[in-house]
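Here is a friendly briefing on one structure, arranged by topic. Please keep the model open while you read.

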Amino acid sequence: MTPTPRCPSCSSEYTYEDGQLYICPECAHEWSRVGDAGDGPESTGGVRDAFGTILNDGDSVTIIKDLKVKGSSSVVKVGTKVRNIRLVSGDHDIDCKIDGIGAMQLKSGFVKKA
């Protein structure tokens, strides 16, 4: 029996199989077993939104959760549309400008592609 792969979202080692899916119990990320051989979109390593859609530079996204801005009393509200994102490497993988707040970095897990 081959060991299950680590979660591509949070790198947890506690993933398990459920039919044709792998599931991470720590972050609830699900992905297909079909991409194991490195031939599916899961193997490309692209940045994905909270619903698994691949994001590209210049896309527009919508915030799916109220986000507190560190060092400020401001809050980015649910439904805020962010245009012309730029993908970067690191923990926060989206650079953008939000109207009324300014330049920010976001995690792709808190946005959905518009």
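How many bridges join S9 to S10? There are 5 bridges between S9 and S10, and the two strands run antiparallel. This is a predicted model, in which local features need pLDDT of at least 70 and side-chain atom pairs count only at pLDDT 80 or more, while totals for chains, interfaces and linings use all residues. Residues are numbered from 1 along each chain as its sequence is written, and side-chain values use heavy atoms, with hydrogens and water left out.

**The sheet with S9 and S10**

- Strands here are DSSP runs of E with at least two residues, numbered from the N terminus, and two strands pair if DSSP finds at least two bridges between them.
- An open sheet is formed by 3 strands in the order S8-S9-S10, with antiparallel pairing.
- Strand S8 (86-87) and S10 each have a single partner strand and stand at the edges, so one side of each is left without a neighbour in the sheet.
- Cys96 has Met104 in S10 as its bridge partner, and Ile94 is partnered with Leu106 in S10.
- S9 and S10 make a hairpin with 3 residues between them, and Gly100 in the turn has a positive phi of about 85°.

**The nonpolar core**

- A nonpolar core is a set of buried Ala, Val, Leu, Ile, Met, Phe, Trp, Tyr and Cys residues joined through side-chain atoms within 4.5 Å; buried means under 20% relative accessible area (1.4 Å probe, protein chains only).
- The largest such core has 15 residues, and Cys96 and Leu106 have the most contacts inside it.
- Strand S4 (61-63), strand S9 (94-98) and strand S10 (102-106) are the elements that give two or more residues to this core.
- S9 gives the most to this core, with 3 residues.
- Leaving aside residues up to four places away in sequence, Leu106 touches (heavy atoms within 4.5 Å) Ile63, Leu67, His92, Asp93, Ile94, Cys96 and Val111.

**The sheet with S1, S2 and S3**

- Another open sheet has 3 strands in the order S1-S2-S3, and its pairing is antiparallel.
- Strand S1 (16-18) and strand S3 (30-32) are at the edges with a single partner strand each, so one side of each is left without a neighbour in the sheet.
- S1 pairs with strand S2 (residues 21-23) in the antiparallel sense over 3 bridges, and Glu17 stands opposite Tyr22 in S2.

How values were computed:
Buried < 20%, exposed > 50% of the residue type's maximum accessible area, 1.4 Å probe, protein only. Helix = DSSP H or I, 4+ residues; strand = E, 2+ residues; numbered from the N terminus.
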